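Let's take a friendly walk through this structure, one topic at a time. Have a look at the picture first, then read on.

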Amino acid sequence: MADSGRGTILQFAPFQSSVDEGFWHKLSSLKLNKLRLDDSPIPITGFYAPCSHPQLSNHLTLLAESLPDESGEESSSLPASQGNRNRCPVPGILLNTNTLESFYALDKQSLLKAEANKIWDDIYSGKVEEDTSVLLRFLVISFADLKKWSFHYWFAFPALVLDPPATLVNLKPASQCFTSEEAEFLSRACNEWRSMSSTADIPFFLVSVGSDSIVTIRHLREWETCQTNVQKVLFGFYDPCHLPSNPGWPLRNYLAYIYLRWGLGKIHFFCYRENRGFADLGLSLVGEAEISLSPGWRNHQNMPNAVGWELNRGKKVSRCISLAKTMDPTRLAVSAADLNLKLMRWRTLPSLNLDMLAAMKCLLLGAGTLGCQVARMLMAWGVRKITLLDSGKVSMSNPLRQSLYVLDDCLNGGKFKAVAAVESLKRIFPAVEAEGVVMAIPMPGHPVPSQEESNILKDCRRLSDLINSHDAIFLLTDTRESRWLPSLVCASANKITINAALGFDSFLVMRHGAGPVGATRNSQADTSNNVTASMENLSLSSQNGSQRLGCYFCNDVVAPIDSTANRTLDQQCTVTRPGLAPIASALAVELLVGVLHHPSGIYAKAEFANSNDNGSTAQPLGILPHQIRGSLSQFSQMTLVGHASTCCTACCSTVVSEYQTRGMDFVLEAINHPTYLEDLTGLTELMKSAGSYTLDWDNDSENDDDDDGCVEI
């Protein structure tokens, strides 16, 4: 090649940017989980390497590791994993705005000048000699639209404007500028420099050619050493550009540094380029530039102008990339589903524990009107592990009221609800870990023939295993007696239990209190590593000995019996106002979330609105009631409390102790003998004694007013 551009203005090939998809994913996570509304500058690291192809330039690339870790402290220093020959680290700054309007309103010229000023200061302070990569500082402004998964961004590579511009004296392939012996030594020296971990990623260096043709590559701080017994010195740099007639962008600030640091008017530079990992002197360039800058350059206070905003197809406009179409649908669904919850933590609910909710294992007993709604509400709160248990099939009347089913589920005799519900949940949210269990819950008052006892006991054991393997249990069945065995097992295992029941226009939503064993359990007892166990450990430290809260059966004075026999059609179906189930289901899930975030967990006392005794001011989710009873006909709702009964057929210490001692034999006896539970708990004696009471009315008009209307029992 003949001399190129003698006496012309030296022109530089602009830096080009490239952003890996992983960078945007990590930025999204960082924005949601850590930065939130913080739009402060973020120190990042870009990576580039010398050109390695005769027809392609290398870009400055951002990777996932370019950003700081969410858990670790932000660091403005370069990554510790240096020495990668293909990743020369470059310090940069990211400004991520909270709105698209803010992105467009940024004062881009001022931002560019501020970054250029850092380079100017680094040159005068001598920092460049210690870390040459600071000559390549860059800036990125961005806006991340996390609802649409689109990202607006713009790179700037600040360069000090040489005034007057540098003049190009000559520019040739390096292979034409050295003797064969010098070229051999130069290639060997470059390959050694690039192969050592301590120097492979240092982008600026000195090339000294001795009178004996030996070539040595040195650090910039060794300039003085190069002045002895050296025939010529070239200022080398990793050139990302592939063009044969133009050096790359890094040379711009390099020339300014050389002029200011050593006052050189004529500068010989070496644009180092590679081919297949080795020095390619045919692709590399050697040039000479002349610089004659104005006297103001010698004054640190007179910083020159700067340029460097990257062009987009020849125009000064930002870029936009959308990842929605390229993302895996499941991954996209997970990100979108978590968006609302993570946004809650930005301002309103910073204490929301999403990891705990995602790890929760919820068992829903009943996949009907309530079960369908509860499952969807749980997913909306970030619960990802849901098991539904039901023995019924989807009928033609179900899809209108039970939100997880469609007409196809009713055909050919109908699918099992537990199976169809799981299929529907996975269609709604592919990342949910849902399981369906087709099984009927054994019930007291429903005696079983002796030949069926083994199957019933098998179902009892399976139900017990399911409850023990889950963290929260929802009782959503349509009969009273079907809730008895789950209530008993939950009380024995001290599980979080949420109960929802519907009338025609009224509902009850309640949380069961701790079981009699859990309420007195030693805080030093071993517990398994699950959500429920961790909550037990938390609550034990704050127990105050107050009376524990009751369960669904604590207010009853009779044992659960068969409520399905001799019923008319309207009594066989769950006849309720359509709006009732969504209300009760939502309250049931909100009650669970409240329990999980309460410091006392399952042991939390019943709280009421406007009460000074509940400490609700410290709870961002508000009060944690025991029972919520609502009436749709009155459009009213009230919170109540019911303490545990010593005669409860499901959770009193007598029943729980008998269950833990006798196991399934006890359950079978309760199923086959309707009065057994009443006899065991003392309800039989209580009803007999109540029947023997007499009422003695005193109608003496001369009694004190305070006694008027009194009844003696």
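Are Phe270 and Tyr272 buried or exposed? Both Phe270 and Tyr272 are buried, where buried means under 20% relative accessible area, exposed means over 50%, and partly exposed is in between (1.4 Å probe, protein chains only).

## Before we start

This is a predicted model, so local features need pLDDT of at least 70 and side-chain atom pairs count only at pLDDT 80 or more, while totals for chains, interfaces and linings use all residues. Residues are numbered from 1 along each chain as its sequence is written, and side-chain values use heavy atoms, with hydrogens and water left out.

## The chain as a whole

The chain has 713 residues, and 51% of them count as buried. Its secondary structure comes to 19 helices and 25 strands; these are DSSP runs numbered from the N terminus, with helices being H or I of at least four residues and strands being E of at least two.

Take the contacts (heavy atoms within 4.5 Å) between residues at least 6 apart in sequence: 74% of them join residues at least 24 apart.

## Two cores

A nonpolar core here is a set of buried Ala, Val, Leu, Ile, Met, Phe, Trp, Tyr and Cys residues joined through side-chain atoms within 4.5 Å. The largest one has 93 residues, and the members touching the most others are Phe138, Phe155, Tyr254, Leu255, Tyr257 and Phe270. Helix 6 gives the most to this core, with 9 residues. At least three residues come from each of domain 1 (8–69 + 82–163 + 319–326) and domain 2 (167–307), with bounds from an automatic or database domain assignment.

A second, separate core of 58 residues includes Met356, Leu404, Ile496 and Tyr603.

## Rings and charges

The structure holds 27 aromatic pairs. Rings of Phe, Tyr and Trp (its six-membered ring) pair if their centres lie within 6.5 Å; planes under 30 degrees apart are stacked, over 60 edge-to-face, and the rest tilted. Phe235 and Tyr254 make an edge-to-face pair, 6.1 Å centre to centre with 85 degrees between the planes. This pair links distant parts of the chain: Phe235 is in strand 11 (residues 230–238) and Tyr254 in helix 6 (residues 250–262), 19 residues apart. Both Phe235 and Tyr254 are buried. Phe270 and Tyr272 also pair edge-to-face, at 6.1 Å centre to centre and 65 degrees between the planes.

The charged end of Arg252 sits over the ring of Trp249, 4.8 Å from its centre, and Lys393 lies over the face of Phe416, 5.0 Å from the ring centre. To count, NZ of Lys or CZ of Arg must be within 6 Å of the ring centre and within 35 degrees of the ring normal.

## An enclosed helix

Why is helix 12 (residues 484–493) described as largely enclosed by the rest of the structure? Because 10 of its 10 residues are buried. Among them are Trp484, Pro486 and Cys490. Asn494 follows helix 12, and its phi is positive, near 60 degrees.

Most residues other than glycine have a negative phi, and most peptide bonds are trans. The bond from Asp163 to Pro164, however, is cis, with omega near 0 degrees. Pro164 is found in the loop between strand 7 (150–160) and strand 8 (167–173).

Arg276 is not a glycine, yet has a positive phi of about 55 degrees. Arg276 is exposed, with a relative accessible area of 77%.
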